[in-house]
Amino acid sequence: MTKASRDQYREAVRSFVNLKKFKLPHSVTLTLKQSFVTHRKHLTIHHRIDRDTAVRNFRHFTNLLNRRVYGHSFKRHGKRVQVIPVLEGGGLTRLHYHCVIDCPRPELVDDFPSIVRECWMSTDFGYDQIDIQPGS
């Protein structure tokens, strides 16, 4: 992909994604563990994380985050935190998500980074390299 086509692609994505609906957006980078270990009898097996596992782990993270922010309203009324995720990496680069996550209530702004961090670290494959920046 050439630089010109990459710039056109980025501009198309920016025009498609409307951040005006977000109240208090946060730019977040969430990194995944590279592998996990299973033990069977006398064997220890190391498994590399693949994209399917990363997607399932992110879905679990958003469920935890929604439950933490909205409580029972998440299940009863379908309230959800707005998230725009992009999965990157693989091969020699650790899989990670760049995303915009909206803090839905002003009273949560101060605690929101720690809530995101706690929910991510509660997942099976959440790694401690996390970057959260208010605004986007």
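**Entry 1: a phenylalanine to start from.** I am working with a predicted model. I picked Phe 112 and asked what it touches beyond the residues up to four places away in sequence. I found His 26, Leu 65, Val 69, Ile 101, Asp 102, Cys 103 and Pro 104. I then looked up where Phe 112 sits, and its place is in helix α4. Is Phe 112 buried or exposed? Its relative accessibility is 0%, and buried means under 20%, so I noted Phe 112 as buried. I also checked His 26 against Phe 112: they are 86 residues apart along the chain, yet their C-alpha atoms are separated by 9.1 Å.

**Entry 2: stepping back.** I wanted the overall plan next. I counted 4 helices and 6 strands in the protein. Read along the sequence, they follow the pattern α-β-β-β-α-α-β-β-α-β. The C-alpha atoms fill a box of roughly 55 × 45 × 25 Å, taken along the principal axes. Of the 136 residues, 32% count as buried. I also looked at contacts with a separation of 6 or more, and 64% of them join residues 24 or more positions apart.

**Entry 3: the nonpolar core.** Which residues touch the most other members of the largest nonpolar core? My list reads Leu 30, Leu 32, Phe 61, Leu 65, Ile 101 and Val 116, out of 28 residues in that core. I then asked which elements give two or more residues to this core, and I wrote down β1 (24-32), α2 (51-70), β5 (93-103), α4 (112-121) and β6 (126-134). The element that gives the most is α2, with 7 residues.

Not counting residues up to four places away in sequence, Leu 32 touches Ala 54, Asn 57, Leu 87, Arg 94, Leu 95, His 96, Tyr 97, Trp 120, Phe 125 and Tyr 127.

Entry 4: I found Asn 57 in helix α2. Its relative accessibility is 5%, so Asn 57 counts as buried, under the 20% limit. What does its side chain make a polar contact with? The partner is the side chain of Thr 123, at 3.3 Å. Leaving aside neighbours within four places in sequence, I listed Leu 32, Trp 120, Thr 123, Asp 124, Phe 125 and Gly 126 as the contacts of Asn 57.

**Entry 5: two helices together.** How do α2 and α4 meet? From α2 I noted Asn 57, Phe 58, Phe 61, Leu 64, Leu 65, Arg 68 and Val 69; from α4 they meet Phe 112, Ile 115, Val 116, Glu 118, Cys 119 and Trp 120. The two axes come within 9 Å and cross at roughly 135°. I recorded their crossing as right-handed.

**Entry 6: a residue on the outside.** My last stop was Lys 41, in the loop between β2 (35-40) and β3 (43-48). Lys 41 has a positive phi of about 50° although it is not a glycine. Is Lys 41 buried or exposed? With 85% relative accessibility, and exposed meaning over 50%, Lys 41 counts as exposed.

Conventions:
Residues numbered from 1 in each chain as written. Predicted model: local features only at pLDDT ≥ 70, side-chain atom pairs only at ≥ 80, totals over all residues. Heavy atoms only, no water. Core = buried A, V, L, I, M, F, W, Y, C linked by side-chain atoms within 4.5 Å. Buried < 20%, exposed > 50% of the residue type's maximum accessible area, 1.4 Å probe, protein only. Contact = heavy atoms within 4.5 Å. Polar contact = N/O pair within 3.5 Å; in protein donor to acceptor, adjacent residues only side chain to side chain. Axes fitted to C-alpha atoms, helices over the stretch in contact; angles between N-to-C directions. Left-handed = near helix turned anticlockwise from the far one by under 90°.
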